Number of protein chains: 2
Amino acid sequence: MTRTASAPGAVPAVRRRTRHFPGPLPLASGLELRAYDIAYETYGRLAPDGGNAVLVCHSLTKGSHAAGRHTPLDAQPGWWDAAIGPGRMLDTDRYFVICADVLAGGGSTGPASTDPATGRPYGTTFPVVTIEDMVDAQYRLVESLGITRLHAVVGGCFGGQQAIQWAISHPDAVRNAVVIGTAPDTSPHTVAIFSVMRHLIRSDPHYADGDYYGGPGPVQGLGSALVAAVPLWMSRDAMRQRFARRTIGGLGLRHTLRPEFEVEAFLDRIAHQQQPAIDPNALLYLMRAEEYFDLPGRYGSLEAALEPVTARTLFVSYASDWRYPPEETDAMHQVLLRQGTYSRHAVLDSALGHGGFIYEVPTLAREVQPFLDAGAPIPGDETS
Amino acid sequence: MTRTASAPGAVPAVRRRTRHFPGPLPLASGLELRAYDIAYETYGRLAPDGGNAVLVCHSLTKGSHAAGRHTPLDAQPGWWDAAIGPGRMLDTDRYFVICADVLAGGGSTGPASTDPATGRPYGTTFPVVTIEDMVDAQYRLVESLGITRLHAVVGGCFGGQQAIQWAISHPDAVRNAVVIGTAPDTSPHTVAIFSVMRHLIRSDPHYADGDYYGGPGPVQGLGSALVAAVPLWMSRDAMRQRFARRTIGGLGLRHTLRPEFEVEAFLDRIAHQQQPAIDPNALLYLMRAEEYFDLPGRYGSLEAALEPVTARTLFVSYASDWRYPPEETDAMHQVLLRQGTYSRHAVLDSALGHGGFIYEVPTLAREVQPFLDAGAPIPGDETS
């Protein structure tokens with residue numbers, strides 16, 4: 001070991017950058033986006049030969065702010081701060097970590113952006129985009145940063161769909177893929193839950209058919225949708241562990257319709273949080289992209305979909321994840337094995353189910369770190 | 001077999017009756033209900049000695065109309081028609097089947113009833129009632145019908161909570177209990193889902209703090225709540241079987257935010273159905289009662305809770321029921337066995353999960369019929 005890593009810690013102050021792409025981006029729908037911006041953050045330093053880059057694909061309600069703080073006053077660091085930093089799972093002493101807002105989300109071009117044709121926000125006139133489109137936009141970003149081949153693409157859930165799509169769409173540009181909590185397609189049950197969320201956002205009179213920019217916007221509808229989603233990402237066991245049947249303030253049952261249980265107070269806080277985490281229209285577009293993800297449907301069969309993959313692939317699933325259960329993840333793993341592509345599938349325990357990868361990094365790191373270390377040598381890293 | 005059963009079929013025309021109880025009903029909250037009505041239906045004939053009565057306890061959004069039609073023009077029969085009738089699981093050639101609206105629900109006294117103290121609907125001034133209170137009110141109904149001991153109490157989910165509570169609160173009045181899809185307590189995850197539904201009903205401006213009688217009422221909020229509940233009662237597998245990823249009209253993906261998938265059209269129909277199935281306030285009270293159900297919490301331990309039970313008990317659970325999983329049902333079964341009380345636990349397969357007992361009667365009947373037949377002889381039935 002000649003490398004002197006800093007002690008595990010946070011990345012230094014970060015900032016979000018935006019890159020403009022003037023060329024048209026053809027979309028899966030047959031439409032094209034004439035020009036677009038992609039917002040992104042990076043952590044660590046790119047090796048001179050560009051070989052140490054790791055792309056993190058964010059999950060549905062997260063964004064490009066994956067690690068660190070923009071200012072020392074920020075209450076919270078980025079959403080995967082526990083996983084990204086010097087000595088952490090994605091070690092910024094070794095890797096150059098990139099996280100970009102997906103197309104239609106966050107600071108990237110999407111429904112809140114100005115439509116050059118009208119000078120007004122796109123709203124719901126923004127074209128419906130797919131995971132493939134998002135990956136193609138990221139590919140151009142990566143290319144523009146001087147990277148021809150990523151050491152790894154890493155993502156969970158919606159981010160995992162992007163990670164496997166990267167290995168399918170751009171096989172020469174991905175050395176390793178870490179695909180967490182992802183199935184070959186999105187189940188009708190998840191479509192149903194997203195449909196409920198859509199219904200709640202649209203039922204808010206302030207939604208105004210998506211043309212709410214400049215007005216108050218569907219704050220209440222978004223709050224309702226985010227509340228309705230809680231039992232989707234926080235599992236039954238996790239709620240049992242976190243709240244049990246405790247009453248608010250330990251006061252016992254008061255026999256009232258007002259909130260009685262701690263879990264109710266938790267949901268009330270989510271419904272009424274001041275800062276909406278995401279633009280409601282963007283959430284509608286991102287859910288749609290997740291719903292459209294269907295490898296067998298898109299490519300004819302799972303075998304045909306995964307045929308181009310050359311990346312070493314690590315699938316991670318959670319035994320308690322009832323939305324993206326291990327057996328569905330395993331279907332992809334088995335196909336890659338049959339096709340002679342290196343693949344590993346780790347089934348982890350977590351009371352959090354689908355949310356495990358965000359909040360329980362040490363368990364995940366035990367799988368991801370050796371997998372990334374055993375990947376092809378990282379140019380510029382003398383220890384490898 | 002000297003009994004000549006009619007061919008399996010529907011019960012003849014039924015009607016809902018209401019019985020008034022002038023005496024006060026003490027409630028678990030410490031309050032009391034001064035007088036109240038219980039609405040109920042019956043199917044079959046009560047034996048002269050009153051020994052062939054089976055009480056069906058309805059689940060959350062159902063009611064006393066369990067079987068048959070009120071008029072030949074009714075589009076749908078009662079909610080458990082497949083299970084109740086001549087030759088059916090609860091054979092009305094043998095049994096006198098009773099189903100009553102729970103206190104606070106349907107035609108029984110509840111938030112929509114007139115408060116004698118004010119001459120106006122109770123609304124949310126109606127006292128919060130528990131499963132115990134509902135069972136006590138049913139007990140008085142059963143007693144008033146001349147029945148001192150029920151041949152059986154049968155119920156699923158919310159109805160299962162009532163069935164086991166019957167065996168606890170009134171052990172001398174229950175010979176057999178069939179407890180389906182029920183756990184010793186209601187999990188915080190179910191509280192969370194109900195909390196979402198509460199939030200949606202209350203967010204509707206027409207809810208007016210529950211004082212909406214005479215106005216339009218929170219029709220949209222109730223629709224949203226019922227939609228949000230769908231992924232709760234229809235399992236992931238059931239949705240996969242029923243809808244797969246089929247698009248509306250088989251038209252393929254249109255890349256739009258408007259409904260694309262059949263499962264979305266199904267949810268839209270639920271959101272916009274014309275006849276609200278239940279009074280929104282009643283739903284709030286019934287959900288609360290289900291949430292309060294907590295045998296270990298109420299009695300100190302599950303052992304203490306079940307100690308009074310003398311009824312032969314059949315527990316039924318569904319392997320795919322993630323809300324009330326078999327292992328939680330089994331905890332009650334094991335305690336009864338240790339206490340020397342006859343108990344049986346059947347774990348059934350059903351793609352429907354929690355809803356299995358309503359829609360897949362034949363599988364259920366294979367367990368329930370022999371269990372009821374093997375119970376104590378039914379007076380007046382020469383075949384037993």
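User: Which residues in H1(B) meet B:Gln161, B:Gln162, B:Gln165, B:Trp166 and B:Ser169 in H2(B)?

Analyst: This is a predicted model. H1 covers residues 131-144 of chain B, and H2 covers residues 158-169. By class, their contact has 4 nonpolar, 4 polar and 2 charged residues. The H1(B) residues that meet the H2(B) set are B:Ile131, B:Glu132, B:Met134, B:Val135 and B:Asp136.

User: How are H1(B) and H2(B) placed relative to each other?

Analyst: Their axes are 9 Å apart, at an angle of about 70 degrees. The crossing is right-handed. Angles from 65 to 115 degrees count as roughly perpendicular. H1(B) and H2(B) are therefore roughly perpendicular to each other.

User: Which residues of H4(B) does H3(A) meet?

Analyst: On the chain A side, the H3 residues are A:His189, A:Ala192, A:Ile193, A:Val196, A:His199, A:Leu200 and A:Ser203. The residues of this contact divide into 8 nonpolar, 5 polar and no charged. The H4(B) partners are B:Gln220, B:Ser224, B:Val227, B:Ala228, B:Val230 and B:Pro231.

User: Which element supplies the largest share of the side of chain A that touches chain B?

Analyst: In total, 42 residues of chain A are in contact with 42 residues of chain B. On the chain A side, H3, H4, H5, H6 and H7 each supply at least two residues. The largest share is 10 residues, and it comes from H3(A).

User: How do the residues of the side of chain A that touches chain B divide by class?

Analyst: The contact joins 42 residues of chain A to 42 of chain B. Among the contributors from chain A are helix H5 (236-243), helix H6 (262-271) and helix H7 (280-292). The division on the chain A side is 23 nonpolar, 12 polar and 7 charged.

User: What is the radius of gyration of chain A?

Analyst: Chain A has 12 helices and 14 strands. The globule rule gives 21 Å for its 384 residues, and the chain is close to that, so it is as compact as a globular protein of that length. Its C-alpha atoms fill a box of roughly 65 × 55 × 45 Å along the principal axes. The radius of gyration is 21 Å.

User: What percentage of the residues in chain A are buried?

Analyst: A residue counts as buried if 20 or more other C-beta atoms lie within 10 Å of its own. The buried share of the 384 residues is 53%.

User: Is A:Ile84 buried or exposed?

Analyst: A:Ile84 sits in strand S6 (residues 84-85) of chain A. Beyond four places in sequence, it touches A:Val11, A:Tyr43, A:Ala66, A:Ala67, A:Leu90, A:Thr92 and A:Val97. A:Ala66 is 18 residues away in sequence, yet 7.8 Å away in space, C-alpha to C-alpha. A:Ile84 has 30 C-beta neighbours inside 10 Å, so it counts as buried.

User: How far apart in space are A:Gly221 and A:Pro205?

Analyst: A:Gly221 belongs to helix H4 of chain A. With 23 C-beta neighbours inside 10 Å, A:Gly221 is buried. Leaving aside neighbours within four places, its contacts include A:Leu200, A:Asp204, A:Tyr207 and A:Pro280. A:Gly221 and A:Pro205 are 16 residues apart in sequence, and their C-alpha to C-alpha distance is 8.7 Å.

User: What is the phi of A:Cys157?

Analyst: Most residues other than glycine have a negative phi. A:Cys157 lies in the loop between strand S11 (150-156) and helix H2 (158-169) of chain A. It counts as buried, with 26 C-beta neighbours inside 10 Å. Its phi is positive, near 60 degrees.

User: Is B:Asp209 buried or exposed?

Analyst: B:Asp209 is in the loop between helix H3 (188-203) and H4 of chain B. Its phi is also positive, near 55 degrees. With 8 other C-beta atoms within 10 Å, B:Asp209 is exposed.

Notes: Residues numbered from 1 in each chain as written. Chains lettered and ligands numbered in written order. Predicted model: local features only at pLDDT ≥ 70, side-chain atom pairs only at ≥ 80, totals over all residues. Contact = placed C-beta atoms within 7 Å. Helix = DSSP H or I, 4+ residues; strand = E, 2+ residues; numbered from the N terminus. Nonpolar A, V, L, I, M, F, W, Y, C, P; charged D, E, K, R; others polar. Rg over C-alpha atoms; globule rule 2.2 N^0.38 Å. Buried ≥ 20, exposed ≤ 12 C-beta atoms within 10 Å, placed from the backbone. Axes fitted to C-alpha atoms, helices over the stretch in contact; angles between N-to-C directions. Parallel < 35°, antiparallel > 145°, perpendicular 65-115°, else oblique. Left-handed = near helix turned anticlockwise from the far one by under 90°.
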